[in-house]
Every structure is written in C-alpha cells, then in structure tokens.
Amino acid sequence: MMKKSHTTRFLSLVLALVLSFSLCIPALAADGFSDVSESHWAYNDIMACAEQGIVTGYEDGTFRPEDGVSTVQFLVMMTRTFYADELSQVTTPAGQPWYYANTKVAGDVGMSKGLSSIDDNPMNRYEMATALYNTLVSFDKLGDEPYIVAAFKASSAFKDWDTLMISTAYAVPVAECYAKGILTGMSDGAFHGEQNMNRAQACAVIVRMMNLINGSAPAQPEQPETPEETGTGKLANGKDITTENVLEILAQIQEEYPDGTIWGKSGTANNNYYPAGNNSTDVKAVVNKFTAYNPGQGTGKLSTQYACGGWAAMVSDRIFGQSGFPAREVTDGSQVRAGDIVIGLNSKGQIFHVAIASCNAYQVGSSYAFRTCDGNASGGVVSWGTGNNYLNSTLKVYTRYPE
C-alpha cells in the first residue's frame with residue numbers, strides 16, 4: 001500500500017464535485033442553501049465543503065443533505081480532497097468513465113481496499129468507515145494506540161457493537177475511525193452501518209479527516225450524524241410548516257420531475273431511484289406497517305428506494321426531512337393535506353402502492369377528495385394531479401404535519 005508522506009495539497013476553489021449528476025450544478029447562494037439552516041447538525045461542514053468546491057448545490061438553491069452518496073461519488077470526493085497530486089499524474093484512456101483517475105488512485109493508495117464494489121450504488125456506513133480507515137492508514141495516522149483501546153471506546157459508544165463485531169472486516173475500521181474522532185453514531189446510540197450514508201455525513205467526515213491530517217484532530221464530535229429533529233417546527237428547507245410552503249416545495253419537485261419523467265420503470269437507462277430511502281425512517285415506518293402485495297427480494301416490505309415507494313420517500317423527505325415528523329393516520333377525508341402519504345391496499349390489506357397528496361382535500365358532493373403525485377404511474381413514469389381519490393378501506397392517508 002502506498003503511504004502518503006508529503007503534505008497534502010487540498011482542493012482549490014476551482015475543483016467541484018457534482019454529487020447528483022443529472023440535476024446538480026455548481027451553485028452556492030451567498031446566504032447558503034435554503035434547506036440547510038444554521039441549526040443543522042452539519043451546517044459548518046457542509047458550508048466548508050461547498051466553499052472549497054468539494055460539494056455543490058442544486059439550481060433551486062437546495063443542498064438536500066439527506067440524499068444518498070454512491071461509492072464512486074465518495075471516492076471521487078476523497079481522492080480530490082487528499083490525493084490531488086496523484087490525480088494530476090493519471091491520464092484517462094479513451095472509453096473509460098469520467099471517474100477513472102479517481103478510482104485508479106483510490107486503488108493505488110489503498111483507499112478502496114476491502115470495499116464490496118465500486119459503482120454508482122449507494123454506499124453504506126460500513127463501507128464509508130472502510131474507505132476512511134484505509135485513508136488513515138495511507139497517511140500513517142493510526143498512531144500507537146492498541147486496537148483493543150479503540151474497540152473498547154466503540155463498544156461503549158455504540159449499542160449495536162455486538163452486532164457489528166459479527167463482521168470483523170468492519171469492526172476495525174469503525175472502531176479506529178470512532179477513536180480518532182472521524183465517525184460518530186446516530187441519534188439512537190447505534191452506529192447503523194447497514195444504513196446508506198448521505199451528503200451531510202460525507203461533508204462531516206471529510207472535514208474531520210482534513211482536521212486530523214492537518215494535525216488538529218477534533219475532540220470526539222458532540223453531535224450525532226443524524227440527530228433527532230422532533231420539535232424543530234420547520235420544514236426541511238427551513239420554512240414554517242404550512243400547506244402553502246409545502247405546496248411551494250411540491251411545485252419545485254414538479255418542475256424537476258414533470259409529467260412523463262421516467263422514475264420506476266426497471267430496465268431503463270435513466271431509471272430513477274432514491275438511494276437514501278432506507279434512511280427515511282418516518283416514511284419507512286408507515287410503509288412497513290403493511291405487508292407488500294409483491295414483496296421484492298423476499299423482504300415482505302415495499303421498497304422506499306425504488307419505484308412508487310422511493311418516489312414517496314423522496315418527496316416526503318424533501319418536505320419534512322427523513323425523521324422528526326412521525327406520521328399518524330388521517331381518518332377524516334376533509335383533513336387530507338398536500339404532502340400527506342397515500343397508501344394503496346388490496347382487499348387483503350396488503351400494500352401495493354404509495355403516493356403523495358399533491359393538494360389539500362376539496363369537496364365533491366357530500367365527500368372530500370384529493371389528488372396525488374405518483375412516481376410509478378402507468379409505464380413507470382411520474383404523474384401529477386391524479387384524482388379524484390377518496391379515503392376508504394383500501395386507500396389510507398398518513399400525515400407528517402405536527403398535531
């Protein structure tokens with residue numbers, strides 16, 4: 001493994017990493033991102049990475065901190081941050097992907113050693129820890145502290161340490177990165193290595209790594225990487241929780257994904273999915289109340305990453321965030337509001353579809369109806385304004401608005 005001995009030349013402002021390739025452009029508003037308030041747990045890290053060109057925002061002014069990061073994207077971020085000199089010496093052969101130099105350097109320095117795959121699939125927190133640990137080794141930053149000390153610290157910090165220890169391949173990276181102040185746990189006291197990492201976490205760990213390599217390692221981070229947000233009283237973009245502000249977010253999403261956009265059609269080159277869906281705890285809690293009619297991969301639960309479930313999770317998270325606004329059932333049709341989660345059931349009570357209410361309830365005769373936005377309509381495309389829909393035994397609605 002190549003050891004990094006010279007002083008790292010960190011990114012200049014002209015380097016820019018696009019984390020979401022088809023929608024993201026280099027953009028940082030003068031006052032930051034509309035969906036990252038100063039109270040966000042990773043605000044300083046996100047802003048630091050954005051100012052250095054490590055990450056960029058979307059053209060609508062958002063950053064979308066809960067969106068997932070793929071293995072390739074994280075390796076690109078890490079190599080551009082810590083191995084700029086090595087990257088400059090690599091020539092990309094014709095026909096190779098744009099990230100060829102990054103993955104080659106990651107392999108040369110040992111950063112990608114032990115990763116299960118290097119592709120555009122979501123990267124989980126175990127694999128993130130592995131890449132970070134390999135980088136610590138490359139820079140000779142583990143120090144002389146015995147592993148048993150690091151393991152003791154991790155076992156005291158993470159309530160799921162015993163589960164984590166089943167996979168010894170990940171135990172060492174997680175323990176060492178935690179002991180060095182690079183990784184923290186989640187808000188429930190667990191590490192949750194099986195969950196996918198997100199954009200906010202990527203910024204946080206890169207800044208911590210830069211501090212460590214520069215010789216100013218932080219004390220153990222005080223805040224978890226995904227803190228509870230219950231009671232914030234704000235939508236994910238920092239605005240007040242009103243139906244008007246929710247409709248504004250829905251309008252932004254509709255502009256990005258107009259009618260006919262391919263979302264959930266398998267086998268299509270530009271098939272969309274939501275990598276961070278497994279972290280959408282509030283949406284997933286609703287979806288997992290029901291057994292799926294056609295369960296994928298033998299899970300018995302509808303996916304919150306792909307097709308209609310992925311669409312619903314993405315839209316709901318753009319409005320309320322991934323957690324902090326647990327959903328409760330709406331039993332009065334007149335109380336359905338824009339942004340509510342709509343669950344379609346068959347006669348056996350099995351879930352087969354998820355959508356999002358695209359408007360508030362309106363009166364039709366003696367009943368109340370509502371329309372939905374759908375990420376997997378006929379042909380696997382996005383559809384807006386479908387309706388009229390009515391609450392009944394096979395169509396349930398759950399709201400994440402505070403009581």
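The expected span of a helix is 1.5 Å times one less than its number of residues; helices here are DSSP runs of H or I with at least four residues, numbered from the N terminus. This is a predicted model, in which local features need pLDDT of at least 70, side-chain atom pairs count only at pLDDT 80 or more, and totals for chains, interfaces and linings use all residues. Residues are numbered from 1 along each chain as its sequence is written, and side-chain values use heavy atoms, with hydrogens and water left out.

Select residues 71–82, helix H2. Its 12 residues should span 16 Å, and the end C-alpha atoms are 16 Å apart, which agrees. Of these residues, 11 are buried, so H2 is largely enclosed by the rest of the structure. Buried means under 20% relative accessible area (1.4 Å probe, protein chains only). Among the buried residues are Phe74, Met77 and Phe82.

Next, show what covers them: the cover includes H3 (84–88), H4 (100–108), H5 (125–138) and H9 (199–213).

Keep H2 and H4. They pack at about 75°, with axes 9 Å apart. That makes H2 roughly perpendicular to H4, a term for angles of 65 to 115 degrees. Leu75, Val76, Thr79 and Arg80 of H2 meet Asn102, Val105 and Ala106 of H4, where contact means heavy atoms within 4.5 Å.

Finally, select Asn134 in H5. Asn134 is buried, at a relative accessible area of 5%. A polar atom of its side chain lies 2.8 Å from the backbone oxygen of Lys113.

Conventions
Helices (H or I, at least four residues) and strands (E, at least two) are DSSP runs, numbered from the N terminus. Buried means under 20% relative accessible area, exposed over 50%, partly exposed in between (1.4 Å probe, protein chains only). A polar contact is a pair of N or O atoms within 3.5 Å; within protein, one must be able to donate a hydrogen and the other to accept it, and residues adjacent in sequence count only if both atoms are side-chain atoms. Axes are lines fitted to C-alpha atoms, for helices over the stretch in contact, and angles run from 0 to 180 degrees between N-to-C directions. Angles under 35 degrees count as roughly parallel, over 145 as roughly antiparallel, 65 to 115 as roughly perpendicular and the rest as oblique.
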